[in-house]
Amino acid sequence: MCSPATRMWRAAVCCWMLTFLHTSSGLNVCMSGSATSCEECLLIHPSCAWCAQEDFGRGRTLNSRCDFFQNLHKRGCGSRFVEHPTNSMTVRQDMPLSSKGSGFKQYDVVQIRPQSLSLSLRPGQQTWFDLQVRQVEDYPVDLYYLMDLSLSMKDDLDTIRNLGTKLAEEMAKLTSNFRMGFGTFVDKNLSPFSYTAPKYQENPCNGYKLFPNCVPTFGFRHILSLTDQVDRFNQEVQKQMVSRNRDAPEGGFDAILQAAVCKEEIGWRKEAYHLLVFATDDVPHLALDGRLGGLVRPHDGRCHLDDKREYNASTHMDYPSLALLGEKLAENNIFLIFAVTKRLYVIYKDFTALIPGTTVEILDQDSKNVIQLIITAYSNIRSKVELTVWDQPEDLSLSFSATCQDGQPLPGLRKCTDLKIGDTVSFNVSVEARSCPPRRTDHSFTIRPVGFKDRLQVAVDYQCDCGCTQVAQTNSSLCSSIGTYKCGNCQCDPGYLGARCECQEGEAGSGHMAACREAEGKQVCSGRGECSCNQCLCYESEFGKIYGTFCECDDFSCARHKGVLCSGRGECHCGECKCHVGYVGDNCNCSTETASCMADDGQLCSGRGHCVCGRCQCTQPGAFGDACQKCPTCPDACDSKRECVECHLLKSGHPSDNQTCQQRVCKDEIVTVDALKTEEPGAVLCVYKTDDDCVMKFTYLEHASGRAVLTALREAECSGGPDALMVLLAVVGSILLVGVILLAAWKMVITVHDRREFARFQSARSRARYEVASNPLYKQPASAAFVELDFDPYAKSYNGAVH
């Protein structure tokens with residue numbers, strides 16, 4: 001980041017370049033104005049200066065004394081006669097930042113630096129200063145638990161009977177100085193908000209079979225002031241009984257306001273973080289709802305607790321508005337935590353956008369998760385720093401640039417997130433005065449981080465007066481004794497004109513006319529004035545002021561936006577809008593702020609577009625939303641929602657480590673199911689592999705209302721790993737089985753083949769059996785002796801005998 005000296009040098013260079021550009025282009029914004037006095041000259045432009053030297057500018061027009069500093073010097077004006085004030089800054093208090101909140105005296109803990117400074121501003125000229133903020137470790141914490149005691153919260157009351165002990169144990173891990181308090185609320189004991197018949201006065205549950213006994217209806221009741229005695233908290237909670245109201249909305253906002261403004265009764269410490277936990281299961285009544293019961297008096301924002309510690313104005317004033325709640329919570333440095341059921345999350349989330357310093361967490365139906373909810377909310381609060389401005393004067397423009405942990409400046413942003421306790425962040429603040437306030441008017445403003453007691457006090461004074469006015473001479477001889485000589489110029493009495501008041505109004509001549517024409521052939525005084533005593537006297541106009549040496553300028557002929565001159569964010573000077581800091585464009589309708597374009601993940605337009613005039617123009621096909629954050633068809637749509645699913649369902653990944661799931665990456669509604677349906681039109685199916693080799697599936701759907709819904713499987717699909725022994729046995733068994741099958745097949749083939757051969761043999765043998773006498777080849781031997789053969793076709797030899 002640049003040092004203050006570097007920034008001042010940069011501002012001087014910019015002014016010099018601006019002077020050069022004006023001079024080289026032929027347009028001198030100082031001399032083209034209507035300045036006839038030193039004060040008027042200083043208001044034209046920060047680069048303009050006035051020469052109070054007596055003999056300077058003779059023979060020229062009156063406003064030639066108003067020019068750029070360099071031009072005045074070149075034309076012979078001595079430096080000591082030049083009136084050219086510039087911005088300056090003085091640091092009044094600059095104590096170093098503390099590192100821890102414990103072990104110090106309360107007034108020694110410092111979380112913002114510097115603590116006080118003063119600015120001397122010239123209208124139209126910017127100045128800069130830096131401030132640092134640190135969330136110190138082990139800072140004291142005051143927690144006030146505000147609970148809805150309507151009948152529907154009975155199971156929640158049973159759950160928190162021992163809340164104090166468990167919560168104190170968890171908070172002891174974060175701070176060594178923790179106190180708790182307790183309060184309850186129901187609603188106004190007034191029709192139509194509650195049962196007002198006589199039989200319900202002492203027991204609103206009269207006739208209700210499910211729960212026949214309960215305490216009378218009340219608005220707000222302060223039970224226990226902030227204390228470090230945990231047992232007392234448990235005892236008071238165990239004494240409580242539920243009550244009953246008539247309509248669904250509750251009177252919780254009445255209770256929040258009383259808990260915020262009744263500082264002494266509640267016991268808020270100045271040197272502590274103030275946490276107000278608001279637990280309910282229904283929506284609240286808002287301002288103007290009280291008119292249904294005849295309450296037309298607006299809430300006055302004051303404490304109204306009686307001797308019994310009950311809100312005694314419940315039936316006399318309307319419910320407070322969101323604006324009043326936000327104002328009182330900020331005044332008393334209170335962080336409001338909405339602990340609500342899941343169905344109310346979206347409603348209360350919208351409230352957080354209207355009430356600075358508030359968060360919302362989802363509360364289980366029976367409040368079982370209340371301790372983790374408070375720890376998560378507290379960690380989220382400590383993970384961010386956001387600046388607010390109090391009592392900003394209307395004629396001052398402020399712009400911010402944040403430098404968070406990554407060291408990169410973020411123009412237009414006054415908030416840092418994802419911080420760790422002990423981190424230090426820086427902010428650069430640009431200040432510009434747009435005009436001069438009435439004399440002897442003190443102006444100041446305060447910059448304060450949300451929820452901090454620390455603040456930066458900035459005192460402002462304006463460089464609107466010239467030093468030479470203090471030596472003005474009335475009825476001076478230099479002004480023909482009919483005028484006041486001031487700053488080298490004569491301010492003539494009524495009816496007289498001229499550099500030395502030497503002319504009377506109405507005197508004119510042909511010689512004087514030439515000096516009243518901008519160029520030969522042009523109209524006298526541009527047709528918008530009269531030439532008198534060598535000067536143009538410009539006409540008055542109902543639209544604004546006509547001015548200039550030749551009446552060529554006015555303050556109403558500039559570009560307009562929706563009928564408003566310079567959009568109301570700039571000054572019209574001679575046909576051109578001079579925009580206030582933070583705005584550009586021909587009609588000053590384009591904001592240079594980028595905070596409205598910043599997505600929840602810290603990227604400008606979610607990395608899918610450009611920020612133009614404070615609004616995102618999405619360039620990624622399919623992207624939409626205020627910050628281009630919605631894009632179901634983008635390639636990274638599944639990746640951007642994966643963290644949310646992992647954080648809520650798998651309890652893994654980076655977001656859960658910081659306990660910022662709900663606030664940073666999980667803005668969408670999450671629905672868990674056992675079986676995923678993908679046939680819904682417009683739903684995008686996302687599938688990814690988890691770290692433990694499971695498969696997670698979810699669908700991403702953007703509704704027409706702009707609400708995004710993630711439908712995820714309740715558990716990831718995981719398959720068990722293979723058993724090595726079973727695999728081995730299966731392989732061996734398969735080999736043996738294949739061998740047996742092959743042997744059986746071989747045996748079968750051999751058997752079939754042998755049987756066929758045997759059958760063939762049997763057939764041949766049967767055909768060879770016949771008698772010798774019937775043998776057609778047999779002949780009787782010719783000799784007397786013969787051999788008698790015993791023939792056997794299957795014998796290996798012949799057996800014969802000689803006869």
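Contact here means heavy atoms within 4.5 Å. The model is predicted: local features require pLDDT of at least 70 and side-chain atom pairs pLDDT 80 or more, while totals for chains, interfaces and linings use all residues. Residues are numbered from 1 along each chain as its sequence is written, and side-chain values use heavy atoms, with hydrogens and water left out.

View 1. Strands (E, at least two residues) and helices (H or I, at least four) are DSSP runs numbered from the N terminus. Q115 counts as buried because its relative accessibility is 11%, where buried means under 20% relative accessible area with a 1.4 Å probe, protein chains only. Neighbours within four places in sequence aside, Q115 contacts Q93, D94, M95, V110, R455, L456 and Q457. A polar atom of the Q115 side chain lies 2.6 Å from the backbone nitrogen of M95. The C-alpha atoms of Q115 and T446 are 9.9 Å apart, although 331 residues separate the two in sequence.

**View 2. The largest nonpolar core, of 75 residues.** Such a core is a set of buried Ala, Val, Leu, Ile, Met, Phe, Trp, Tyr and Cys residues joined through side-chain atoms within 4.5 Å. F129, L131 and Y145 have the most contacts inside this core. Helix α11 (residues 370-382) contributes its largest share, eight residues.

**View 3. L131 and its contacts.** Beyond neighbours within four places in sequence, the partners of L131 include I112, P114, L387, V425, F427, I447 and L456.

**View 4. Another core, of 35 residues, lying apart from the largest one.** Among its residues are F220, F253, V261 and I355.

Conventions:
Buried < 20%, exposed > 50% of the residue type's maximum accessible area, 1.4 Å probe, protein only. Polar contact = N/O pair within 3.5 Å; in protein donor to acceptor, adjacent residues only side chain to side chain.
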